[in-house]
Every structure is written in C-alpha cells, then in structure tokens.
Amino acid sequence: MHVHTTFSDGTFSPEEVVSYASKVGLHCIAVCDHDTVGGIRPSLEAGERCGVEVIPAVELTADKNGTEIHVLGFFIDWQDSALGQRLDELCRQRINRIHEMVAKLKKRRVNLDAEEVFKLSGKGSVGRLHLARVLYKKGYTSSVDEAFRRYIGNRGPCYAGRIDLTPEEAIDEIIKVKGIPALAHPGVMGRDRFIPSYVKHGLVGIEVYHTDHPPAMVRHYEEMAAAYSLLVTGGSDCHGLGKGRVLMGSTTVPYELVEKLKNARR
C-alpha cells in the first residue's frame, strides 16, 4: 500500500509497477507518488489490464518545526482541480529546494549541477532520492543511503526544507478530496510526540508496517494505533531500483485492512 512510480522518485513506470505487482502475486497496491497524482491514471488503466486493484493515493510532503513529515492520502479524488493546483505549487517548492541543497553541497566542495538532478527526475516531481542517486553516480558517496546519512538526510548539513505545508494542512488537503489521511513511516520521521495532535486534527491511519520498521518498532506502532483508534496501513515504500533493490512485495498487509480504509470513507 505504498508504491512510487517515475512520476515521482521511483524508477518503474506505472505500467511496470503494476506488472511487477502482478508478477509477485499482489492483488492490490496503492500508488503514492510524492506530491503528484500524475501516475494514477496510467496505473489504474494498467491495473484493469493486469487484474491488480490500484488505490489512487498520494504522499504529501509537509514540514513540522524543520522536520520533514509525510502524510499518505488513500482513495483520494485525484482529479480534483484544487488539489491539482496545490500539488503544482508543492512541486515548484521541490525544484527550489533542490537548488538550495545543490548550493549547500557546493560549499562542501561537492560540485553538482541541479540540471543533472532534474534530468534524472524527468517529468516526475523531483526529490532527495534523485539528488542522492546523482551523488552516488558521481562517486561522492558509496551508496544512496550514505548520501542521506552524510549530506541530505533530515539532520544532514545540506538538507533544505522550504516546504510550505504543515502536517495538519496535509491532513486537511486529503480530507477535502474525500481521502483517508495516514501518517507515513513514523519510525523514519522520528516525531511520535506530534501524533496525538495529528489525531485530533483528523488523522485516520498510521503506517505500522514498513520496510524500515524492525519488529520492535512495528509492535510500538501497533500499540499506538490501538491507543488512538487509528487504522493500520503498511507497505514496502518501493521506488523500483531507486533504493538499490526492488522492495515491492517485501512488506504486505491483509486485504481486510484495505476494506477498513474503504469503510472509513462512508
């Protein structure tokens, strides 16, 4: 329930995403590109051909006191014009922050041209994973993960926020288009103390199961979901080969969780 395509920072086209999902035996996937819904239509069409249910979704990027927070929106009205305008603005902010991070990198004698990053992102919404892949490709780091740890992670010296959207506003945007807002990979974000306020603001779900959540962390978020009556979601956060290997199918959830999300819309 958490897959990316080339319309954001995945390396698989929507058609390839759906084909791979079918190949590994998945019956349902959620296409959750960063701050864009461009990949939803081709994913839905491919899903019809392959017999894979595709949930129209989005992963909104927000900022909370200088920390990047991601909010998933499931079953959104992805053709809503107001949502499209908001996403266009977020994508413009993404371009600006790439320029800012490239400038910070240059001050550390890591010389990149922002156009290299934009060429890699193509028609998709540009993000840090694109920048990390360029850093790795040019030999500045030994891996994509190191690029985040050393330079552009949330606490990295070359990180740039400049995201004009709070988590609360992200929740509002999703609710406006009849979607179900769920906090993405909370263990990666590391800001659990804010979760109660998100719940009060309308948060409905939390991504308990995630590739980067070890068993102890999964138990922690299962308990938190129960304590705040949140619906449970989960997924691999697959970016194709963007993270070095294809993660799709490595983290799955039973279909009954999808049904609970559907029921929450009524």
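What covers the buried residues of helix H5? The cover includes strand E3 (67–74), helix H3 (81–107), helix H4 (114–121) and helix H6 (144–152). Contact here means heavy atoms within 4.5 Å. Helices (H or I, at least four residues) and strands (E, at least two) are DSSP runs, numbered from the N terminus.

The model is predicted; local features need pLDDT of at least 70, side-chain atom pairs count only at pLDDT 80 or more, and totals for chains, interfaces and linings use all residues. Residues are numbered from 1 along each chain as its sequence is written, and side-chain values use heavy atoms, with hydrogens and water left out.

Helix H5 spans residues 128–137 and is mostly covered. Seven of its ten residues are buried (under 20% relative accessible area; exposed is over 50%, partly exposed in between; 1.4 Å probe, protein chains only). These are Arg128, Leu129, His130, Leu131, Ala132, Val134 and Leu135. Just after H5, Gly139 adopts a positive phi of about 85 degrees.

Eleven salt bridges occur in the structure (a side-chain nitrogen of Lys or Arg within 4 Å of a carboxyl oxygen of Asp or Glu). One of them joins the side chains of Arg97 and Glu68 at 2.6 Å, N to O. This pair links distant parts of the chain: Arg97 belongs to helix H3 and Glu68 to strand E3, 29 residues apart. Arg97 and Glu68 are both buried.

Glu173 and Arg86 form another salt bridge, at 3.5 Å, N to O. Here helix H7, with Glu173, is linked to helix H3, with Arg86; the two residues are 87 apart in the chain. Both Glu173 and Arg86 are buried.

A salt bridge also connects Lys138 and Glu116 (3.2 Å, N to O). Lys138 sits in the loop between H5 and H6 and Glu116 in helix H4, so the pair ties together parts 22 residues apart in sequence. Lys138 is partly exposed, with a relative accessible area of 40%. Glu116 is partly exposed at 30% relative accessibility. Salt bridges with shared partners join Glu68, Arg97 and Arg128 into one network.

Other residues lie further out. Lys119 is in helix H4. Lys119 counts as exposed because its relative accessibility is 73%. Its C-alpha atom is separated by 13 Å from that of Thr11, 108 residues apart along the chain. Glu169 lies in helix H7 (residues 167–176) and is partly exposed, at 34% relative accessibility. Glu169 and Ile76 are 93 residues apart in sequence and 15 Å apart in space, C-alpha to C-alpha.
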